[in-house]
Amino acid sequence: MSSRGSARPATRRSRRHLATAALLVAGAAVAAALGPRSPVAGSVADLLHRGDGAAIGEADGVLPDGATVSDVRFPGVADLDPALLGALRRAAASAADRGVQLSVTSGWRSPEYQDQLLREAVSRYGSAEEAARWVATPATSAHVSGDAVDIGPAAARAWLSEHGADLGLCQVYRNEPWHYELRPAAVSAGCPRMYRDPTEDPRMRR
Ligand SMILES: [Zn+2]
């Protein structure tokens, strides 16, 4: 009995210690997570914020300038469909042989990030109808499902428009020369006819 009585405060104390230790570990994890992000401070990540005030950042798929298909430390690259990522890596290697650097300006996006982009587009273009020509909803975006990438710079887009089909990489929308998706049949049959813009895409009407 007496040993139990003395054990209780000890247990409480050790729980407090555990809680403190957990906080310290959490703090260290946050510091570790923030450390590598400092080089991209001032990027678009700092400009985009969720409606609830939480920042949209790399965990939502925001990529720093010059991110490549090999930068798997970024969810925007790592969470792409593996087959798409494989084709992009082959493309990047071939392009590099020709002195062309292929960057991913946007890849996988969280639904929150996509929603933020959509709201910005509605604000910029003045109506939901016009915004729909450029930005999909979180429910329909091929970026949110990890099936689309936006490629830059212009030289890389020019290279992809000429050689992408050989790797199954196709531009999908005529008004978005940066947006590519995987179309495996393109390797033998060529890329399918492009939609004028996303409003022609049946996937956008779900
Ligand atoms: Zn895109």
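Leu102 touches Thr68, Val69, Ala91, Ala92, Ile151, Gly152, Ala156 and Leu160, leaving aside residues up to four places away in sequence. Contact here means heavy atoms within 4.5 Å. This is a predicted model: local features need pLDDT of at least 70, side-chain atom pairs count only at pLDDT 80 or more, and totals for chains, interfaces and linings use all residues. Residues are numbered from 1 along each chain as its sequence is written, and side-chain values use heavy atoms, without hydrogens and water.

Leu102 belongs to the largest nonpolar core, which has 26 residues. Such a core is a set of buried Ala, Val, Leu, Ile, Met, Phe, Trp, Tyr and Cys residues joined through side-chain atoms within 4.5 Å. Buried means under 20% relative accessible area (1.4 Å probe, protein chains only). A second, separate core of eight residues includes Leu117 and Val135.

Leu117 and Val135 also lie among the residues nearest the centre of the largest pocket, as do Ser106, Arg109 and Asp150. A pocket is an open set of points on a 1 Å grid over the protein atoms alone, where a 1.4 Å probe fits, with protein on both sides within 12 Å along at least five of seven lines; lining residues have an atom within 4 Å of a point. This one is lined by 33 residues.

Ser106 is buried, with a relative accessible area of 5%. Its contacts include Leu63, His143 and Asp150, not counting residues up to four places away in sequence.

Technical notes. Buried < 20%, exposed > 50% of the residue type's maximum accessible area, 1.4 Å probe, protein only.
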